[in-house]
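Subject: The structure I promised

Hi,

Here is the structure I said I'd pass on. Have a look at it first, and then read on for what turned up.

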Amino acid sequence: MKNRLQLSLFLIPGLLLYVGLFVFPTLTGLFYSFTDWDGVSPSYAFVGLDNYKDSLSSIVFRKAFGNNVEFMLTVVIAQTFISLVLALLLVRNTKTRIVLRALYFLPAILSSVSVGLIWAFMYDPSIGLINYGLNEAGMSGIARNWIGDPKIAIYSIAAVQVWAHAGQMMIVFIAGLQGIPAELYEAARMDGGSKWQVFRTVTWPLLAPSATIVVAYTTIQSFKAFDLIFTMTDGGPNYATEILTTYIYHTAFGSYSFGLASAGSMIFLVLLALLTLLQFKALRADRVSY
């Protein structure tokens, strides 16, 4: 009991940080979500559920939510697929593959603001590297205003998100692949299994825990891609890239409606928690089915 008590003392610093940086701000935001506080005045009035009703009925909020779902689905599907392919190609520990892993992982250590500024310049329709390369290659018909066209802006930013974090998720898949016993592969090959059959019956079922981490983490990343979108488009053009986090920011610091922004934050928190829970259950059920 004495040893357990001593060990439990090591939890206190982390617990204090968790309470101070997450629990207290969340409870404070929940409190202000029932008020009309503007973020500046010392006084405020309670408005009940009006902020939640206004958020859910807001056209901009609905547009932001739709953009967020579209952005999330694009990033989760593309990033999971690309990172898995990279992991399968680079799973063996050779010098060349280790160097390639480091190169693919490099964008993940850059700040999202830096990545956003670099890609905003590359997407520039006049002097950007992408359109310049397309024009030089004789494919000027493909050149676009990549982040200025409302139809493709959200997908252009999704491509940047995938570029920045596919290498990071690749490392998770490599760790999962290297934890699969080699004897299982040998047994599958001895039974005459093709590469696809080996992947479907051995690799993927045992890689399910890593896939769960990748999908859940990528989903959270996609819903919280504030800094990347804020740097590149600030939610424009015409709300084409507005997501829930930028909507909350603009409501709080643009309109000084902190009560309304707090309500949006609470809705965002609940949606993200439910979505993550559903993903964990779906992937767990998929793993059990094998």
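Helix H13 is the place to start: 8 residues of the lining of the second largest pocket come from H13, the largest share. Keep in mind throughout that this is a predicted model. The second largest pocket holds about 550 Å³ of space. It is lined by 19 residues, and those closest to its centre are Thr26, Ile248, Ser265, Met266 and Phe268. Which elements give two or more residues to that lining? They are H2, helix H12 (244-254) and helix H13 (258-289). Sorted by class, the lining of the second largest pocket comes to 13 nonpolar, 5 polar and 1 charged residues.

Now for the largest pocket, where the space is about 660 Å³. It has 17 lining residues, with Leu88, Val91, Arg92, Tyr185 and Arg189 the closest to the centre. At least two residues of this lining come from each of helix H4 (59-89), helix H9 (182-190) and helix H10 (195-223). H10 gives the most, with 5 residues. By class, the lining of the largest pocket has 10 nonpolar, 3 polar and 4 charged residues.

The C-alpha atoms fill a box of roughly 75 × 75 × 35 Å along the principal axes. Of the 290 residues in the protein chain, 37% are buried. As for contacts with a separation of 6 or more, 66% of them are between residues 24 or more positions apart.

In an unreviewed entry, it gives the annotation "transmembrane region" to residues 7-34, 71-91, 103-122, 152-177, 198-220 and 256-278. I looked at two of those stretches in the model. Residues 7-34 are 86% helix and 0% strand, and their end C-alpha atoms are 40 Å apart. Residues 152-177 are 96% helix and 0% strand, with 35 Å between the end C-alpha atoms. UniProt also places the feature "domain: ABC transmembrane type-1" at residues 65-279, again in an unreviewed entry. Over that span the model is 74% helix and 0% strand, and the end C-alpha atoms lie 18 Å apart.

Val69 is worth a click. Is Val69 buried, exposed or partly exposed? Its relative accessibility is 25%, so it counts as partly exposed; the buried class needs a value under 20%.

Thr35 is another one to look up. You'll find it in the loop between helix H2 (11-32) and helix H3 (50-57). Thr35 has a relative accessible area of 0%, so it is buried. What does the side chain of Thr35 reach? It reaches the backbone oxygen of Tyr32, at 2.8 Å. Leaving aside residues up to four places away in sequence, Thr35 touches Tyr44, Ala45, Phe46, Val47, Asn51 and Gly259.

Most residues other than glycine have a negative phi, and most peptide bonds are trans. Against that background, look at the loop between helix H11 (226-232) and H12, where Pro237 is placed. The peptide bond joining Gly236 and Pro237 is cis, with omega at about -5°. Asp234 lies in the loop between H11 and H12 as well, and has a positive phi of about 55° although it is not a glycine. Tyr239 is also in the loop between H11 and H12, and its phi is positive too, at about 65°, again without being a glycine. How exposed are these two? Asp234 has a relative accessible area of 35%, so it is partly exposed. Tyr239 is partly exposed as well, at 41%.

Cheers

Technical notes
Residues are numbered from 1 along each chain as its sequence is written. This is a predicted model: local features need pLDDT of at least 70, side-chain atom pairs count only at pLDDT 80 or more; totals for chains, interfaces and linings use all residues. Side-chain values use heavy atoms; hydrogens and water are left out. Helices (H or I, at least four residues) and strands (E, at least two) are DSSP runs, numbered from the N terminus. Buried means under 20% relative accessible area, exposed over 50%, partly exposed in between (1.4 Å probe, protein chains only). A polar contact is a pair of N or O atoms within 3.5 Å; within protein, one must be able to donate a hydrogen and the other to accept it, and residues adjacent in sequence count only if both atoms are side-chain atoms. Contact means heavy atoms within 4.5 Å. UniProt positions are given in the numbering used here, feature names are shortened, and annotations may be inferred rather than shown by experiment. On a 1 Å grid over the protein atoms alone, a cavity is a set of points where a 1.4 Å probe fits but cannot get out, and a pocket is an open set with protein on both sides within 12 Å along at least five of seven lines; lining residues have an atom within 4 Å of a point. Grid points are joined across faces, edges and corners, and a volume is the space filled by probe spheres set on the points. Ala, Val, Leu, Ile, Met, Phe, Trp, Tyr, Cys and Pro count as nonpolar, Asp, Glu, Lys and Arg as charged, and the others, Gly among them, as polar.
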